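Please view the sequence and the structure before reading on.

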Amino acid sequence: MIRKNKVVQGIVFSIIGLFTLITMIILIVIVFHIISNGLKGISLSFILQYPEEMGKSGGIFPVIVGTLYVTLLAVIIASPVGVLAAIYLTEYAKKGKAVELIRFGTETLAGIPSIIYGLFGFAFFVIALGFRWSILSGALTLSIMILPTIIRTSEEAIKTVPMSFREGSLALGATKWQTIAKVVIPPAMPGILTGVILGVGRAIGETAAVLLTAGSSLNFPTSIFSPTRTMSVHLYILSSEGISKLNSYATATLLIVIVFIINMFANMIIRRYNRILGRG
């Protein structure tokens, strides 16, 4: 019986490994195809110049700036709300139907298509609140989109902190909030940062929600109330309307590079934080 279970386990692991390998090969092929075609159009002038002829020529400097503005503002809005919500759910909320309803709502929000968020943001932020197509409207919409990811990831990270840490802190006379801030959050910080990184990845690559809320202006954004065009929207417009195949590949390549750099720096911060905590 034990031998049979080992055989079945080996077959299952082999199938999982095969699917993982196939996924990795597909990912490598896609990334290689984009980068090999996009490098031809990337230059210093492409990065620093303003777009001309609706993006057919020139560069994408305002688009890069708009992407960073929208993504950064969305993360600034969503991160504290998500982390505080996770702290409340794990440390303060009592088990019951209310907490289950909140968690169900969080899971539901995570599965809603982005176009629905875009329509909501357009109706509420752009029209009802009068923010119009702007960086603020786009960032608020994206912050709602990435909020479930940050909440769930932060919640799981906080749960991994042993209960003995809390009990020891409270036994020494620390308050509930002092225990959370100085004993619970520091060990959970790498997991929380992982959730924020996942949120950044989703926000920076979003198209539909941003197109309906931030607009598609190629002008340089001067404030959070200025309309802008993100790199994902710019890529979509260039490719769907056939404006410039070369510039669309170049934009996609730069987007991949930016996401890679963000993840690299975030992982460096997490590793350094783990070393400070004595984990590696």
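## Basis of the description

A residue is called buried when its relative accessible area is under 20%, and exposed when that area is over 50%. The model described here is predicted.

## Helix H6

With 18 of its 25 residues buried, helix H6 is largely enclosed by the rest of the structure. From first C-alpha to last, H6 reaches 35 Å, which is close to the 36 Å expected at 1.5 Å a residue.

Ser 143 is placed in H6, which comprises residues 135-159. Ser 143 has a relative accessibility of 7% and therefore counts as buried, the limit being 20%. Leaving aside residues up to four places away in sequence, Ser 143 touches Ala 74, Ile 77 and Ala 78.

## Packing of H3 against H6

Two packed helices are described by the angle between their axes and by the distance between those axes. For helix H3 (residues 61-92) and H6, the axes come within 6 Å and cross at roughly 35°. The crossing of H3 with H6 is right-handed. Sorted by class, the contact of H3 with H6 contains 23 nonpolar, six polar and three charged residues.

## Helix H8

Helix H8 covers residues 176-204, a run of 29 residues. If straight, a helix of that number of residues would span 42 Å at 1.5 Å a residue, but H8 spans only 36 Å between its end C-alpha atoms. Helix H8 bends by about 55° at Ile 185. Here too a proline is found after the bend: Pro 186 follows within four residues.

Most residues other than glycine have a negative phi. Which values of phi are found at Glu 53 and Met 54? Glu 53, although not a glycine, has a positive phi of about 55°. For Met 54, also a residue other than glycine, phi is positive and near 60°.

Glu 53 is found in the loop between strand S1 (51-52) and strand S2 (57-58). Met 54 likewise lies in the loop between S1 and S2. Glu 53 counts as exposed because its relative accessibility is 56%, against a limit of 50%. Met 54 has a relative accessible area of 53% and so is exposed as well.

Terms used
Residues are numbered from 1 along each chain as its sequence is written. This is a predicted model: local features need pLDDT of at least 70, side-chain atom pairs count only at pLDDT 80 or more; totals for chains, interfaces and linings use all residues. Side-chain values use heavy atoms; hydrogens and water are left out. Helices (H or I, at least four residues) and strands (E, at least two) are DSSP runs, numbered from the N terminus. Buried means under 20% relative accessible area, exposed over 50%, partly exposed in between (1.4 Å probe, protein chains only). Contact means heavy atoms within 4.5 Å. The expected span of a helix is 1.5 Å times one less than its number of residues. The bend at a residue is the angle between axes fitted to the seven residues ending there and the seven starting there. Axes are lines fitted to C-alpha atoms, for helices over the stretch in contact, and angles run from 0 to 180 degrees between N-to-C directions. A crossing is left-handed if the near helix is turned anticlockwise from the far one by less than a right angle, and right-handed if clockwise. Ala, Val, Leu, Ile, Met, Phe, Trp, Tyr, Cys and Pro count as nonpolar, Asp, Glu, Lys and Arg as charged, and the others, Gly among them, as polar.
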